[in-house]
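Grab the sequence and the 3D view, and let's work through a few exercises together.

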Amino acid sequence: MIDDNAVVTVRDVHYAIGTHVIFKGLNVQMRRGAITAVMGPSGTGKTTLLRLIMGQVVAQRGAVRVFGKNVARLKRRELYQLRQRVGLLFQSGALLTDLSVFENVAFPLREHAHLPEPVLRELVLMKLQAVGLRGAAGMMPAELSGGMARRVALARAIVMDPEVLIYDEPFVGLDPISMGVIVRLIQSLNRLLGITTIVVSHDVREIGAIADYSYLLSEGEVVAEGTPAELNAERKGVVRQFMSGTPDGPVPFHYPARDYFEQLLERPDA
Amino acid sequence: MRAADRVGNLLHRRWMAFDALAKIGAVSLFLLRLLGQCIPCLARPWLVVQQIYNAGARSLVIIMLSGLFVGMVLGLQGYDLLQRFGSESAVGVVAALGLIKELGPVLTALLFAGRAGTSLCSEIGLMAATDQLAAMEMMAVDPVRHVVAPRFLGGIIAVPLLAAIFNCIGIFGAQLIGVTMMGIQPGTFWSQMQNAVQTRDVNEGLIKSVAFGAACSLLAVYEGYHAEPTAEGVGLATTRTVVSSAVLVLLLDYILTAAFL
């Protein structure tokens with residue numbers, strides 16, 4: 001299914017690091033203005049998919065297109081131009097530790113926009129107000145809690161008014177209140193500003209509440225896709241296990257190993 | 001079995017040689033990329049100034065203390081040696097030439113590698129480990145221009161300045177021993193020094209310290225930028241910075257000294 005309205009199209013992507021195969025024929029697309037969720041168990045290459053979309057790594061086969069351009073073929077300058085239209089929120093926040101909250105948010109503007117100081121100040125304060133942290137403008141990243149750091153990173157990601165906003169595991173390690181705040185922010189930024197949103201996460205419940213369309217990745221390919229309701233109704237074993245959080249099933253609890261008793265009974269020096 | 005071992009050893013040595021060559025190649029390529037970003041990074045001069053402060057001003061105490069002791073030792077040894085020939089008044093010349101041509105640049109560079117090189121390396125390594133460099137890339141800002149180049153330039157500017165300060169304090173230390181303790185005439189001490197030290201000696205020291213500054217900073221930023229993003233990886237990179245900086249400084253010192261003679 002190819003959609004003219006797709007902002008990001010990943011087609012038949014094969015990617016491996018050494019002998020470790022991560023994707024074997026991945027097909028995903030993100031539509032303009034929608035919230036698309038990419039879910040899957042840990043280690044299925046969700047973050048790698050983001051790195052492919054941002055042009056940080058290049059697929060061995062297949063094409064990743066963003067705004068219709070094949071990111072693997074772009075020169076550094078073109079890639080940087082593309083990245084100015086895409087915001088990325090890192091799992092850790094990745095704030096610059098030697099700059100204050102205000103300067104962190106101002107950083108992309110100072111680098112790319114060359115605005116007069118009063119305009120820049122207003123813009124930064126507006127974005128900080130949007131994430132509820134205008135009062136923390138003078139603080140340093142080390143003084144922030146995990147949730148606050150992620151909100152500052154979000155303000156920094158939206159300060160250049162991107163057309164696409166990508167969130168890498170935005171809910172990991174957050175308390176329920178911070179998590180609720182982030183969920184609401186993701187949703188309101190998408191609805192109010194029309195930002196195309198891609199969320200990589202394994203928090204089924206939070207994502208289910210806001211996603212328009214979801215992909216479930218497992219073992220290098222898409223095992224299920226559809227609206228949250230469709231995924232919930234899916235009967236396939238892996239999907240059921242993931243959506244309901246059962247510890248054992250098609251995705252085994254045990255990492256592949258030799259026979260347990262055989263290993264216990266053998267002499268260690270044999 | 002022995003033959004196989006011998007072949008294995010030979011291959012292993014070959015591999016080590018290949019590794020070393022590959023590393024020299026990688027550092028050279030990184031240097032080219034870095035040099036390409038040095039001019040653009042000057043568009044934000046305060047970033048470089050900040051690094052001169054971080055690498056230079058913060059190393060002042062250790063440089064001054066070391067300079068003082070090295071100068072005092074030169075004064076003592078020089079006096080002891082020269083009085084055997086009855087020319088103890090030349091202590092100032094010995095100390096000044098020794099410091100300006102050799103000890104100043106070399107010891108400053110070694111101290112710089114230990115004090116500032118390690119902190120440059122671990123700072124960049126930790127920035128990589130905490131995704132800060134990747135975040136810059138994603139904000140369409142080249143981390144080599146914004147983070148690495150200012151630190152590299154800061155090191156190149158800071159080391160000659162530090163070496164100059166090291167030399168001055170060292171000469172003061174030698175004067176302290178020679179004139180104040182051993183009773184050499186101050187006029188003799190200073191005038192002999194003035195006559196013996198030529199501009200080309202100062203130039204030699206200056207060129208050496210710029211080269212050492214570039215070498216130490218390059219290795220520090222290279223190791224930091226390519227450190228594995230783990231606690232162990234950053235630690236190992238820091239160790240490699242000090243070891244390879246020390247060896248490279250001494251090697252460069254030999255080459256430059258030979259070139260100047």
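## Exercise 1: the bent helix

Helix 4 (residues 91-129) of chain B has a kink of about 55°, centred on L99(B). The bend at a residue is the angle between two axes, one fitted to the seven residues ending there and one to the seven starting there. This is a predicted model, in which local features need pLDDT of at least 70 and side-chain atom pairs count only at pLDDT 80 or more, while totals for chains, interfaces and linings use all residues. Residues are numbered from 1 along each chain as its sequence is written, and chains are lettered from A and ligands numbered from 1 in the order in which they are written.

Task: find out how covered helix 4 of chain B is, and what follows it.

Solution. 
- Step 1. Know the rule: a residue is buried if 20 or more other C-beta atoms (placed from the backbone) lie within 10 Å of its own, exposed if 12 or fewer, and partly exposed in between.
- Step 2. Apply it: 28 of the 39 residues of helix 4 of chain B are buried, so it is mostly covered.
- Step 3. Step past the end: D131(B) follows helix 4 of chain B, and its phi is positive, near 65°.

## Exercise 2: confidence and layout of chain B

Solution. 
- Step 1. pLDDT is the predictor's confidence in each residue, from 0 to 100. Chain B averages 91, and 99% of its residues score at least 70.
- Step 2. Count elements as DSSP runs numbered from the N terminus, with helices being H or I of at least four residues and strands E of at least two. Chain B has nine helices and zero strands.
- Step 3. Check the extent: the C-alpha trace of chain B spans about 65 × 60 × 30 Å along its principal axes. Of its 261 residues, 45% count as buried.

For the model as a whole, ipTM is 0.79 and pTM is 0.82.

## Exercise 3: the build of chain A

Task: work out why the radius of gyration of chain A agrees with a compact globule.

Solution. 
- Step 1. Take the radius of gyration over C-alpha atoms; the globule rule is 2.2 Å times the number of residues to the power 0.38.
- Step 2. For 270 residues, a compact globule would come out near 18 Å, and chain A has 21 Å, which agrees.
- Step 3. Look at the elements and the span: chain A holds ten helices and ten strands, and its C-alpha trace spans about 70 × 40 × 40 Å along the principal axes.
- Step 4. Buried residues make up 39% of chain A.

## Exercise 4: where the chains touch

Task: describe the side of chain A that touches chain B.

Solution. 
- Step 1. Call two residues in contact if their C-beta atoms, placed from the backbone, lie within 7 Å. Then 15 residues of chain A are in contact with ten residues of chain B.
- Step 2. Helix 2 (76-83) and helix 3 (101-112) of chain A are the elements that give two or more residues to this side. The largest share, four residues, comes from helix 3 of chain A.
- Step 3. Sort by class: eight are nonpolar, five polar and two charged. Here Ala, Val, Leu, Ile, Met, Phe, Trp, Tyr, Cys and Pro count as nonpolar, Asp, Glu, Lys and Arg as charged, and the others, Gly among them, as polar.
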